[in-house]
Amino acid sequence: MKRLLLHFKENEDAQTIKRFFEAEVPFQVLVAQDHVEIESYLKQKIVHLMLMQTGNSAAEDLYYAKQIRVLDYNYPILMMTDSLDGLNASDIQEKHKVCFLERPFELKMLKGLVRKLMVAKKIPQQIHRRFPTNLPAL
């Protein structure tokens, strides 16, 4: 069974996302409260995708992802961030297997991205944010 590891700044956010994923996807969902728990899960080699909310900028998140790669974690990392300013997201995904999801986003978008990352080897990185609209398609 594939496993998804969640790490959020707020425990309430982590529990909300955990309940959502347990109802929507056929993966086991683990929650890590701190870096010690993350390292213990990674050393056991039982995690197939990490979903993280660490900082406010993508640069901070990328630095943390590089630290995780030192622990010999080779699966994808999905980082939720406020801003992608100054980073080439597609280049980072190619080199480090780190995908960024810019807030705000819809839960169905998160679910679809997690499913793709769990199943597919490579997905295209969303560069521009999409907004809901009532306009007809041309």
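The model is predicted, so local features are reported only where pLDDT is at least 70 and side-chain atom pairs only at pLDDT 80 or more, whereas totals for chains, interfaces and linings use all residues. Residues are numbered from 1 along each chain as its sequence is written, and side-chain values use heavy atoms, with hydrogens and water left out. The protein has 5 helices and 5 strands, where helices (H or I, at least four residues) and strands (E, at least two) are DSSP runs numbered from the N terminus. Read from the N terminus on, these elements follow the order β-α-β-α-β-α-β-α-β-α.

**Overall burial and contacts**

- Of the 138 residues of the protein, 41% count as buried; buried means under 20% relative accessible area, exposed means over 50%, and partly exposed lies in between, with a 1.4 Å probe and protein chains only.
- Among the contacts with a separation of 6 or more, 65% come from residues 24 or more positions apart, a contact being heavy atoms within 4.5 Å.

**The nonpolar cores**

- The largest nonpolar core has 22 residues, and those with the most contacts inside it are Leu-4, Leu-6, Phe-21, Leu-51, Leu-78, Leu-110 and Val-114; such a core is a set of buried Ala, Val, Leu, Ile, Met, Phe, Trp, Tyr and Cys residues joined through side-chain atoms within 4.5 Å.
- At least two residues of this core are supplied by each of strand E1 (3–7), helix H1 (11–24), strand E2 (28–31), strand E3 (49–52), strand E4 (77–81), strand E5 (98–102) and helix H5 (107–119), and H5 gives the most, with 5 residues.
- Apart from this core lies another, of 20 residues, which includes Ile-38, Leu-62, Ile-77 and Leu-84.
- Val-114 touches Leu-4, Phe-21, Leu-49 and Leu-78, when residues up to four places away in sequence are not counted.

**Val-29 in strand E2**

- Val-29 has its place in strand E2 and is buried, with a relative accessible area of 7%.
- Val-29 and Leu-4 are 25 residues apart in sequence, yet their C-alpha atoms are 4.9 Å apart in space.
- Leaving aside residues up to four places away in sequence, Val-29 touches Leu-4, Leu-6, Lys-18, Phe-21 and Glu-22.

**Helix H1**

- H1 has 14 residues and reaches 20 Å from its first C-alpha to its last, close to the 20 Å expected at 1.5 Å a residue; the expected span is 1.5 Å times one less than the number of residues.
- Ala-14, Ile-17, Phe-20 and Phe-21 are buried in H1, and they cover an arc of only 130° around the axis, which puts them on the same side of the helix; the arc is that of the directions from the helix axis to the C-beta atoms.
- On the other side of H1, Glu-12, Arg-19 and Ala-23 are exposed, whereas the buried residues of H1 pack against E1, E2, E3 and H5.

**Helix H5**

- The 13 residues of H5 should span 18 Å at 1.5 Å a residue, and this agrees with the 18 Å between its end C-alpha atoms.
- In H5 the buried residues are Leu-110, Leu-113, Val-114, Leu-117 and Met-118; seen down the axis, the buried residues of H5 fall within an arc of 130°, so they line one face of the helix.
- The face of H5 turned away from the buried side carries the exposed residues Lys-108, Lys-116 and Val-119, while the buried residues of H5 pack against E1, H1, E3, E4 and E5.

- E3 and E4 run parallel and are joined by 3 bridges, two strands being paired if DSSP finds at least two bridges between them; Leu-51 stands opposite Leu-78 in E4.
- E4 also pairs with E5 in the parallel sense, over 5 bridges, and the bridge partner of Thr-81 in E5 is Glu-102.

**An aromatic pair**

- Tyr-73 and Tyr-75 form a tilted aromatic pair, at 6.0 Å centre to centre with 55° between the planes; rings of Phe, Tyr and Trp (its six-membered ring) pair if their centres lie within 6.5 Å, and planes under 30 degrees apart count as stacked, over 60 as edge-to-face and the rest as tilted.
- Tyr-73 is buried, with a relative accessible area of 4%, whereas Tyr-75, at 40% relative accessibility, counts as partly exposed.
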